[in-house]
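Subject: Structure for your review

Dear colleague,

Please find below the structure that I am handing over to you. My notes on what was found in it follow directly after.

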Amino acid sequence: MEVSVENLTKSYGFQKAVDNISFKVNTGEIVGFLGPNGAGKTTTMKIITCFMGPNGGDVKVGGISVQANPEEVKRRIGYLPETNPLYKEMPVIDYLHYVAEIQGVHKTKIHDRIFEMVTVCGLKSEKYKKIGELSKGFQQRVGLAQALIHDPEVLILDEPTSGLDPNQIVEIRELIKKIGREKTVLLSSHILAEVEATCDRILIINKGQLVADSTASTLRKQAQDKEIVKVSIEDGDRNEIYTGLQSIETVELVDLLPEYTQAFEVQSKPGISSRKAIFRLCVDKGWSLTEMTPVERKLEEVFRDLTIIK
Amino acid sequence: MNKIWIITKRELRSFFDSLMAYVMIVLFLGFSGFFTWIFGSDIFMVGQASLQSFFGISFWTLFFFIPAVTMGLVAEERKSGTLELLVTKPVSDWQIIAGKFLAAFLLICITLALTIPYYITVASIGKIDHSAVLMGYLGLLFMSASYISLGIFASSITTNQIVAFLITLFIGIFFHLVFGLISMSSGGWFAGLLGYLSLATHYESMARGVIDSKDILYFLSIIFTGLLGTELVLSRRNSSN
């Protein structure tokens, strides 16, 4: 079941939280929704889950609009809100029973579903405890279990790993991956590594607008489209070397690295390598080339480029 | 209907789990029992086999206890964020409101049911007007439903339970007392209007054993207005602002 967001707009007062966003999440896909805090991730998710209505545009879940038939959309979605709200005074098993009932799970199946969720989410030893007594990691699992109890085709997870310790993060990620094989999953995060590890595709949103929609590897390639090398050149005047490097045809930008006296960062024009030219330049001028290392741009930098510079 | 009942069950359980229900029942039975049987213009002083003194006391005890029951119904869920979870489940706002209303109403019904021994006792002492007792209970139920509805509305406009409690009392006191008092001290159509708005007037006519469609209509419209107000507050999250 696919989720399609069409020209979605939502404003709070004069501030536009989401500004004309369109994207699609296909069946069986895990899509990561990235963006700095306040970019509009949560707002978009709240509209998909029918918590709020949009000001403009529409969201369709399996072809059904959130505005025309919210109840049907809600039945198809499992939602884990950012704050993971739970009835703290209820025992885990009673809470899951309540959610199953309210989600319209058939009476004869409720017991089996609860058993399955408790097993899948690793809550077996905690099922009779009150939710408020559980640790944060286990509460997060309860949150996931309640989102999954009615076997929804679409899962919307708002920062599912926030506030967990590294071991728990890995466990929850594995769980999402396992579940995500058959379902349509949209998960938000501001941790890049997490999205890269779990998601098939990445959407980056900034100030309410979609700034990127591709896979992690494409984003990485996009970043490495321009070759960057760090070079150290000795036996020559610093300024002379600088102008020499800049005069190479294929070089776009030369940066002095402040912490070294003889090191430079050389950025080439898109798609061309300048390494040979640099070497030749050094030979011609009689400089000694002591280091030439390619600088790999991290996904974090791509993210920063997309969300800060623009 | 099924969905409403699921919500009602959860709310009722949480009343009993949080001891709220027990405290409410014990305090209500304590107060009403004390003034019905032991102190003030109690049954023995009046010397009649009637529950008039009980109904007179309950009129006030319920007025103070109901806001305590309803104050958390929406405010607490809004504060803890569970409201977001609830409204993103396949239930309508009306089902949520009706479920919560019904839970509070059932708690009051349980509490009042526990005073049936009063009726049995009095009936065994003397000749009691059975229909007057029935109408008295009916009056209490209608009054309770009205205040529950106002209480849920107050609870929906804040995240603070104490504020919800005080708002309910504040709105309630007008219907309970103030409209009646002003009506008595003024005249003309204004007095008539306030007299009609005063809940006490309608309650007393019921407690005397008179059933009038005007009174029932009055209670039903208060209940409906309160619930409608709650629905409007809840649905405000959808609107474009």
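Chain B has 13 helices and zero strands, where helices (H or I, at least four residues) and strands (E, at least two) are DSSP runs, numbered from the N terminus. Along the sequence, chain B therefore reads α-α-α-α-α-α-α-α-α-α-α-α-α. Please note that this is a predicted model, in which local features need pLDDT of at least 70 and side-chain atom pairs count only at pLDDT 80 or more, while totals for chains, interfaces and linings use all residues. Residues are numbered from 1 along each chain as its sequence is written, and chains are lettered from A and ligands numbered from 1 in the order in which they are written.

**Chain B**

A compact globule of 241 residues would have a radius of gyration near 18 Å, and the 19 Å of chain B agrees with this. The radius is taken over C-alpha atoms, and the globule rule is 2.2 Å times the number of residues to the power 0.38. The C-alpha atoms of chain B fill a box of roughly 60 × 45 × 30 Å along the principal axes. Of the 241 residues in chain B, 41% are buried. A residue is buried if 20 or more other C-beta atoms lie within 10 Å of its own, exposed if 12 or fewer, and partly exposed in between, with C-beta atoms placed from the backbone.

Helix α9(B) has 27 residues and should span 39 Å at 1.5 Å a residue; its end C-alpha atoms are 39 Å apart, which agrees. The expected span is 1.5 Å times one less than the number of residues. Of those 27 residues, 20 are buried, so α9(B) is largely enclosed by the rest of the structure.

**Chain A**

Chain A has 11 helices and 14 strands. Its radius of gyration is 25 Å, well over the 19 Å that the globule rule gives for 310 residues, so chain A is more spread out than a compact globule. The box filled by the C-alpha atoms of chain A is roughly 85 × 45 × 35 Å, taken along the principal axes. Buried residues account for 37% of the 310 residues of chain A.

In chain A, β2-β1-β4-β5 is the order of four strands that form an open sheet with antiparallel pairing; two strands pair if DSSP finds at least two bridges between them. The edge strands β2 (15-25) and β5 (64-65) of chain A each pair on one side only. Strand β4 (residues 56-61) of chain A joins β5(A) through two bridges in the antiparallel sense, and A:K60 stands opposite A:S65 in β5(A).

Two residues of chain A deserve a look at the backbone. Most residues other than glycine have a negative phi. A:N7, in strand β1 (residues 3-12) of chain A, has a positive phi of about 45° although it is not a glycine. A:N7 counts as exposed, with 12 C-beta neighbours inside 10 Å. A:N20, in strand β2 of chain A, also is not a glycine and has a positive phi of about 55°. With 14 other C-beta atoms within 10 Å, A:N20 is partly exposed.

Strand β7 (residues 154-158) of chain A has five of its five residues buried, so it is largely enclosed by the rest of the structure. A:V154, A:I156 and A:D158 point one way from β7(A), and A:L155 and A:L157 the other way. Strand β6 (residues 77-80) of chain A runs parallel to β7(A), joined by four bridges, and A:G78 stands opposite A:L155. Five bridges pair β7(A) with strand β8 (residues 184-189) of chain A, again in the parallel sense; A:S188 in β8(A) is the bridge partner of A:D158.

**Core and interface**

The largest nonpolar core has 128 residues, of which A:Y95, A:L96, A:A145 and A:I156 touch the most other members. Helix α9 (residues 130-156) of chain B gives the largest share of this core, 12 residues. A nonpolar core is a set of buried Ala, Val, Leu, Ile, Met, Phe, Trp, Tyr and Cys residues joined through C-beta atoms within 7 Å.

Between the chains, 21 residues of chain B are in contact with 22 residues of chain A, contact meaning C-beta atoms, placed from the backbone, within 7 Å. On the side of chain B that touches chain A, α1(B) gives the most, with five residues.

Yours sincerely

Terms used
Two residues are in contact if their C-beta atoms, placed from the backbone, lie within 7 Å.
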